[in-house]
Amino acid sequence: MLDLTSDVADLTAALVDVRSESGAEEGLADGVERALSALPHLSVTRDGDAVVARTGLGRERRVVIAGHIDTVPIVDNVPSRVEGDRLYGCGTSDMKAGVAVQLKLAALVAEPVHDVTYVFYDNEEVDAERNGLLRLSRRHPEWLAGDFAILMEPTDGVIEGGCQGTMRVDVVARGERAHSARSWMGVNAIHGAGGILDVLRAYTPREPEVEGLRFHEGLNAVFVTGGVAGNVIPDECVVKVNYRFAPDLSVADAEAHLREVFDGFEVRLADAAAPARPGLDDPSAAAFVEAVGEGRARAKLGWTDVSRFSELGVPAVNYGPGDPTLAHTRGEYAEIPRIREAEERMAAWLTGAR
């Protein structure tokens, strides 16, 4: 049984000690559901291994606080351990420290100044179609309704607005097969892919400012495939390119841009995920930045599930006590003072104390 009255660092350790790799979150979801169902001021619902708890105080505005309960595969880093001010273990940073803060807020702030929906969801660390938040948005969008959302992704205690979109395309160089002993009778597609790489080397990424936050785009080759056999001149070479684009572009805008950049080559869209604008002009978001972030925010330079809230029309930010550079590492840890600070700041904001 999770003890929601314990210190937030101890609660983080308890969460880490419950294995919950993606696809195996049931045990932790059961524990979260039991702990929240014991709180009379919350109504609790569940879909698969996603648990949602809501206050119903009739406040003017509703805030959604969300976090995923799954982790990447464990690599001899469970159970948790404490060394000085650091709590080590799989998922400490990404993002069981943030989930512990959610649970503490759900338990201790019975009468927040806003109504609150707490969302604990599964399968964030795997392919998008399995994502628990995506499933909830399709099956129960009303469970995610709100005026403002906070995703407890690790940000090292700094509020990060919006997120960048991501797109992968296959850029294809064509050739003509021939026997390598008579190579002049063919056209080598791998050699032709040099033109694609030339484009990438010469490309200057944009650094647009969107709603006051500076984003930094990226366009990079991530895979190259080609070749038929050791004695055949290849007729196709594919360079898979990843484009991280700022939220002033739509997915359609990003695709059109890549087709223009790689004009003369075949471009095939592989997959894409939409960005999210910062939305910091929303009254609840502005108040959150002022109270919790002390007036400071920066752009999220990766993709996160704030995009899903954006698609639902809910402005969202990223904020969590973990260090994102430690996520998914064997030596992952969270700074205990940062976890306590996040709880204190968010509790003060929810109670109107700051």
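Predicted model: local features only at pLDDT ≥ 70, side-chain atom pairs only at ≥ 80, totals over all residues.
Some ground rules. Local features need pLDDT of at least 70, side-chain atom pairs count only at pLDDT 80 or more, and totals for chains, interfaces and linings use all residues. Residues are numbered from 1 along each chain as its sequence is written, and side-chain values use heavy atoms, with hydrogens and water left out.

Let's start with the domains. The chain splits into domain 1 (8-163 + 276-351) and domain 2 (165-273). Those bounds come from an automatic or database domain assignment. The C-alpha centres of the two domains are 36 Å apart.

Now the interface. Contact here means heavy atoms within 4.5 Å. By that rule, 14 residues of domain 1 touch 12 residues of domain 2. The area buried between domain 1 and domain 2 is about 1,000 Å², and carbon and sulfur atoms give 62% of it. Buried area is the accessible area, taken with a 1.4 Å probe, that two parts lose on being put together, summed over both.

How many salt bridges does the rule find across the interface of domain 1 and domain 2? One. A salt bridge is a side-chain nitrogen of Lys or Arg within 4 Å of a carboxyl oxygen of Asp or Glu. Glu211 forms a salt bridge with Arg277, with the closest N and O atoms 2.9 Å apart.

Stay on Glu211 for a moment. Glu211 sits in the loop between strand 11 (209-210) and strand 12 (213-214). Helices (H or I, at least four residues) and strands (E, at least two) are DSSP runs, numbered from the N terminus. Glu211 is not a glycine, yet has a positive phi of about 50°. Why flag that? Because most residues other than glycine have a negative phi. Glu211 counts as partly exposed because its relative accessible area is 37%. The cut-offs: buried is under 20% relative accessible area, exposed is over 50%, partly exposed is in between, with a 1.4 Å probe and protein chains only.

His328 is another case. Its phi is near 75°, again positive in a residue other than glycine. His328 is in the loop between strand 18 and strand 19 (333-335).

Next, charge pairs. The structure holds 33 salt bridges. Take Asp47 in strand 1 (residues 43-47) and Arg135 in helix 4 (residues 132-139), 88 residues apart. Their side chains meet in a salt bridge at 2.6 Å, N to O. Both Arg135 and Asp47 are buried. Is Arg139 buried or exposed? Arg139 is exposed, because its relative accessible area is 52%. Asp47 is at 7%, so it counts as buried.

Over to another pair. Asp170 and Lys240 meet in a salt bridge at 2.7 Å, N to O. Asp170 is in strand 9 (residues 165-174), Lys240 in strand 15 (residues 236-245), 70 residues apart. Asp170 is buried at 13% relative accessible area, while Lys240 is partly exposed at 22%. Salt bridges with shared partners join Asp170, Arg174, Glu236, Lys240, Glu266 and Arg268 into one network.

Now Arg308, in helix 9 (residues 306-311). Arg308 is buried, because its relative accessible area is 10%. Leaving aside residues up to four places away in sequence, Arg308 touches Ala128, Asn131, Leu133, Leu134 and Trp303. Its C-alpha is 8.2 Å from that of Ala276, 32 residues away along the chain.

On to helix 8 (residues 283-292). Its buried residues are Ser284, Ala285, Phe288, Val289, Ala291 and Val292. What covers them? The cover includes strand 7 (148-151), strand 18 (316-318) and helix 10 (336-351). Just after helix 8, Glu294 takes a positive phi of about 55°.

Last item: cis peptide bonds. Most peptide bonds are trans. Val78 and Pro79 are joined by a cis bond, with omega about 10°. Pro79 is in the loop between strand 3 (62-68) and strand 4 (81-83). Asp94 and Met95 are joined by a cis bond too, with omega about -5°. Met95 is in helix 3 (residues 92-108).
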